[in-house]
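These are notes for a colleague who is opening this structure for the first time. Please have the model in view while reading the points below.

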Amino acid sequence: MSGDVTDLVVIGAGPAGLAAACEARALGLSVILLDEQTTIGGQIYRNIEAAPPDRREILGEDYAAGQKLAAEFRESGTDYRGGTSVWNVTTDGTVDYVGGHTATVTGRSVLMASGAMERPFPIKGWTLPGAMGAGAAQILLKGAGAMPSGPVVLAGCGPLLYLLAWQYLRAGAEIGAVVDTTDAAGYVRALPHALGALMGWRDLSKGLKLLAALKRSGVPVYSGASALAIEGEAAVEALTFKHRGKPARLSASLVLLHQGVVPNTQLSLSTGLEHHWNSAQLCWQPVTDEWGRMGDSALYVAGDSRRIVGALASATQGRLAALSIAKQLGAAADIAQRATELKRQLAGRTRIRPFLDALYRPLTEHRVPPRDDVTVCRCEEVTAGQIRSYVELGCLGPNQTKTFGRCGMGPCQGRFCGLTVTELIAEGRGVDPEEAGHYRVRPPIKPVLLGDFVD
């Protein structure tokens, strides 16, 4: 078990983590970066260094742009330790991880950049073989060039849904339909933020181009869909929904679900530091200062694990955190000029975010299952009806559901059911999600074998 000490430990090799490491190294700090994957890039730039030219062409310019950041990181001199799984972080900067065996590194500061995860989409049939997340499907495309062998239906809302459809078209995959759950109320909510969207016109124009490409290709698009459900006995057979007030059914063996991404807060929650419910993005987020520091601890958070901001803004947040850490450690006396430049950059890269948050707010019925027979906790097979019955018996928050019925105690440790459980309990009690609370997360964050502790 090692006991390395360094200026900065970065957890996560996505845009925020890579950019933070580069900025910190440029300021003379010693940096160790830990990441579960054996290749850098995180999910957004997954396999960026090894992806063949034709795949980079299929995935588009935004993906290919990750090559520049990857090259900068490789030249930075960062001590990169891939294939390592962090299972404990303390507020004073101690990080325990597994990489063949257990090891410990202490950072004078620690930056958590664990990125985002797909929001749960708990509808009838979502646990059937053939139903999966659109983000997971995109990872397969990035990492291995894997595509559906037959027609695929993409359902839900959010920019990724249309991006993946566009990428599939370029790759030659057959798309049966896109079922968009964005409703008329979403456009009304987004209207006050239209100016910000126009100021972020580059991002807006990209979205319009994706829509135009789908229209030209003849892919059926069902807008304003609701009441989604998946039919099937042993596997997916069809997607049903309501469209313009009428029932609709699409035969399919593969349905890709997506209704946005949320911060992966499992690591930051485990520290016991403060988190608040973000009512705009409908998720938990760590409470930080403008640099990403959590309270007066040694811990910082940057990128989508702090709040969903996208790849470019995540990289900027990572650099801002590195600046703050360098000043705190006495490695940079004056950071004002660089910080001003980065803050201006960050403002530009997040102008469109309020518009997107309002427009693509997931429907309540697809976050809080109205049907009692819908599975919420996939690991322990706990249904929405069971959660509601716990509330009737006096359950006040997610952590108590573990006692009532093991909800959140499976292999994922509540990662995938946590938001749904919070909202179900809040609905049942008639309170805000903030009051209902979240799971109490404790280390080990990831499973650790006793054999890992043997040298």
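1. Ala 227 sits in strand 12 (residues 226-231); strands here are DSSP runs of E of at least two residues and helices are runs of H or I of at least four, both numbered from the N terminus. Its phi is positive, about 55°, although Ala 227 is not a glycine. Most residues other than glycine have a negative phi, and most peptide bonds are trans. At 35% relative accessibility, Ala 227 counts as partly exposed (buried is under 20% relative accessible area, exposed over 50%, partly exposed in between, with a 1.4 Å probe and protein chains only).

2. A word on the basis of these notes. The model is predicted, so to speak of local features needs pLDDT of at least 70, side-chain atom pairs count only at pLDDT 80 or more, and totals for chains, interfaces and linings use all residues. Residues are numbered from 1 along each chain as its sequence is written, and side-chain values use heavy atoms, with hydrogens and water left out.

3. Gln 413 is another residue other than glycine with a positive phi, near 55°. Gln 413 is placed in the loop between helix 16 and helix 17 and is partly exposed, with a relative accessible area of 37%. A cis peptide bond runs from Pro 443 to Pro 444, with omega near 5°. Pro 444 belongs to the segment after helix 18 (433-436).

4. How many aromatic pairs does the structure hold? There are five; rings of Phe, Tyr and Trp (its six-membered ring) pair if their centres lie within 6.5 Å, and planes under 30 degrees apart count as stacked, over 60 as edge-to-face and the rest as tilted. The rings of Tyr 222 and Phe 241 have centres 5.3 Å apart and planes at 70°, so this pair is edge-to-face. Tyr 222 is in strand 11 (residues 221-222) and Phe 241 in strand 13 (residues 238-243), so the pair ties together parts that are 19 residues apart in sequence. Tyr 222 is partly exposed, at 22% relative accessible area, while Phe 241 is buried at 3%.

5. Tyr 390 and Phe 404 form a stacked aromatic pair, 5.3 Å centre to centre with 25° between the planes. This pair links helix 15 (residues 384-392), which holds Tyr 390, with helix 16 (residues 398-405), which holds Phe 404, and the two residues are 14 apart. Tyr 390 is buried at 8% relative accessibility, whereas Phe 404 is partly exposed at 35%.

6. Arg 378 lies over the face of Trp 126, at 4.8 Å from the ring centre (a charge sits over a ring if NZ of Lys or CZ of Arg is within 6 Å of the ring centre and within 35 degrees of the ring normal).

7. The structure holds two cavities of 30 Å³ or more. On a 1 Å grid over the protein atoms alone, a cavity is a set of points where a 1.4 Å probe fits but cannot get out; a pocket is an open set with protein on both sides within 12 Å along at least five of seven lines; lining residues have an atom within 4 Å of a point. Grid points are joined across faces, edges and corners, and a volume is the space filled by probe spheres set on the points.

8. The largest cavity contains about 210 Å³ of space. Its lining has 18 residues, and Thr 265, Gln 266, Leu 269, Gly 414 and Arg 415 lie nearest its centre. That lining divides into ten nonpolar, seven polar and one charged (Ala, Val, Leu, Ile, Met, Phe, Trp, Tyr, Cys and Pro count as nonpolar, Asp, Glu, Lys and Arg as charged, and the others, Gly among them, as polar).

9. The second largest cavity holds about 40 Å³. Residues lining the second largest cavity include Arg 119, Pro 120 and Arg 367, and helix 17 gives the largest share of this lining, three residues.

10. The second largest pocket has about 290 Å³ of space and is lined by 15 residues. Helix 12 supplies the largest share of that lining, five residues. Six of the lining residues are nonpolar, three polar and six charged.
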